[in-house]
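Please read the points below with the model open beside them. They go from one chain to the whole, then to single residues.

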Amino acid sequence: MFSVAVTKRRGSFVLDARFELPTPGVVALFGRSGCGKSTLVNVIAGLLDADGGRVVLDDRVLLDTENRIFVAPECRRIGYVFQDARLFPHLSVAANLEYGRRRATGHRFVNLDTVATLLDLGSLMDRRTHQLSGGERQRVAIGRALLSQPSLLLLDEPLASLDAARRGEVLPYLENLRDQLAIPMVYVSHDFDEVMRLATYVVLMNSGKTIAQGGVGDMSLNLDLRSIIGADAVGAIVDGTVLGTDARSGLMRVRVGRGELKVQAPNAEVGTKLRVQLLARDLIVATEAPQHLSVRNILSGVVTAVTSDDAESDLIAMDIGGTLIMARVTKAATRELALRPGLSAWALVKAVSLRGHSFAVPAVISNASPDA
Amino acid sequence: MMWLNPSETEALSLSLSVAARSVVLSLPLAVALAWALTRRRFFGHTLLDAFVHLPLVLPPVMVGYLLLLMFGTRGPVGGWLERVFGIDLIFTRNGAALATAVMSFPLMVRAMRISLENVDRGLEEAARTLGAGALDRFATITLPLMLPGVLAGAITAFSAALGEFGAVITFVSNIPGETRTLPLALYTALQTPDGDVAAARLALISFVLGLGGLLLSEWFARRVRRLLGH
């Protein structure tokens, strides 16, 4: 369990953050730029003093202002990957990695070979840091942090300073990390696409406060999200299971809730977990079983909530068998179809976006101490 | 050195010896002060800063006089040094080194501070999250990154020490073989009838020495910059 409850005042800015999440897992701190995400991460790392509060990681109290406990950053065993990598310019890549490894305390759960393989660092070892590209710098920074054998890894917008192509290059490495090391991570981002691909939990932040938290699926339905990412980007994120390939279309058949979607997904084996997003604006709601339609992806379920989205439209939440999805319809449609909780309905899916694989993969390497 | 006469060789080697002692003496203290003045805010910060810079604005003769009062045999510090350690500063090359160290100290501290201000504190924070304590961070991150400034400061101070005149002659007098460095020898030659040629030769030696020092320092700075990838 990782629990944080801290306050910090900086001029007129007030940080008031609290969240509590199971470990391991990837917590995404998500919010607009300047909402206090980096301040919060610095407080967790101990680089900034909190005015008050507690930070507890599993059974270690790192900060408790009431009981005057403050573990120095160098003793917290928290790895920190900064937005600007912060590699030591006077040291080679190998020496940068060694810097963290040599000072590591506690249970060693990764060695240099594992890290080099995970992050593909082999060919970079002898380079000087100024000879690296932005993406390579971040990979080295992540490796350096991991080798200090941290019990928590903080990543403060590690991709923000990279262009789209470089970002796409580094993201798979982060997914690797998540799937193969059972280390809790806090991932700071203002890019919801990254959050959808990496996170298991999301903490929403707005002007210094944590306003909501939960699993990625639940949080994708959170209405506060709309004001941050915009109405058009809102939509349910659902984790599905690959059933097989549709012989005629060549598309992947993915079970979602009780229903089934046909999705374009590259070489996924049967049983693979896939994370897909159904944008609210891409769903059409029908109150009778639709026939004679070009749309192939149809999910049946029950309306669970009708929420006003803006002056013209409503958001309709539907349960499709233990899984919630959300559609945007005009208020006129809500009236004419008499959409209300409890009503049986069908959702016609115009488009499905693949958001990476989800990760029920068992951890290969664990950072829990062997005797724990 | 075949083209120098014995007294010139003596003055040159004495100058180098005094300057070297002066740099070795002041270097650790200058690093510590540069760090404290750049990275710490404490009571008396401004006063200490001004105090370090005083030798730049005070007449060197006055600095020599103050040293005489403090470190003379009957001075509070000088008497103690002699009693406890048997160190005699008056009329010795160690005394000359102390006088040049005090005079060149502000130059040294200044070069180091500029360099230290350019060291990214974010790197120290990164080292901290990797488990490095305060001394460890200083030795492995801060010091190597401010090394260009430390070298520049040392070389500047060394060159300035070679040329220091007023404080040296006031504090330790002008004794051949013990405190008569190049500028003092030059001054002596100028005071001697028919000393023109000797003075010109000493002036030329000082000139070559100074130019060589500057070129060496530039070469060093370039090498270090390349090493750091700038």
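The numbered points below describe a predicted model.

1. Conventions. In this predicted model, local features need pLDDT of at least 70 and side-chain atom pairs count only at pLDDT 80 or more, while totals for chains, interfaces and linings use all residues. Residues are numbered from 1 along each chain as its sequence is written, and chains are lettered from A and ligands numbered from 1 in the order in which they are written.

2. Chain B as a whole. Chain B has 10 helices and zero strands; here helices (H or I, at least four residues) and strands (E, at least two) are DSSP runs, numbered from the N terminus. The C-alpha trace of chain B spans about 70 × 45 × 30 Å along its principal axes. Of the 230 residues in chain B, 38% are buried. A residue is buried if 20 or more other C-beta atoms lie within 10 Å of its own, exposed if 12 or fewer, and partly exposed in between, with C-beta atoms placed from the backbone.

3. Where the chains meet. In the model, 15 residues of chain B are in contact with 21 residues of chain A; contact means that the C-beta atoms of two residues, placed from the backbone, lie within 7 Å. Helix H6 (121-129) and helix H7 (134-163) of chain B each supply at least two residues of the side that touches chain A. H6(B) gives the most, with six residues. By type, this side of chain B has eight nonpolar, five polar and two charged residues. Ala, Val, Leu, Ile, Met, Phe, Trp, Tyr, Cys and Pro count as nonpolar, Asp, Glu, Lys and Arg as charged, and the others, Gly among them, as polar.

4. The largest nonpolar core. A nonpolar core is a set of buried Ala, Val, Leu, Ile, Met, Phe, Trp, Tyr and Cys residues joined through C-beta atoms within 7 Å. The largest one has 165 residues, and Val27(A), Ala28(A), Leu154(A), Val186(A) and Ile325(A) touch the most other members. Helix H5 (residues 93-117) of chain B supplies the largest share of this core, 14 residues. Leaving aside neighbours within four places in sequence, the contacts of Val27(A) include Leu21(A), Met185(A), Val186(A) and Tyr201(A).

5. Strand S19 (residues 313-319) of chain A and S20(A) pair in the antiparallel sense over seven bridges; strands pair if DSSP finds at least two bridges between them. Ser313(A) is opposite Thr330(A) in S20(A). Four residues lie between the two strands of this hairpin, and Gly321(A) in the turn has a positive phi of about 105°. In strand S20 (residues 324-330) of chain A, five of the seven residues are buried.

6. Helix H2 of chain A. Which residues are buried in helix H2 (residues 93-102) of chain A? They are Val93(A), Asn96(A), Leu97(A), Tyr99(A), Gly100(A) and Arg101(A). Among what covers the buried residues of H2(A) are helix H3 (112-119) and helix H4 (134-147) of chain A.

7. Two backbone angles to check. Most residues other than glycine have a negative phi. Arg68(A) is not a glycine, yet has a positive phi of about 55°. Arg68(A) sits in the loop between strand S5 (60-64) and strand S6 (69-70) of chain A, and is exposed, with 6 other C-beta atoms within 10 Å. Asp194(B), also not a glycine, has a positive phi of about 65°. Asp194(B) lies in the loop between helix H9 (182-191) and helix H10 (196-227) of chain B, and counts as exposed because it has 7 C-beta neighbours inside 10 Å.
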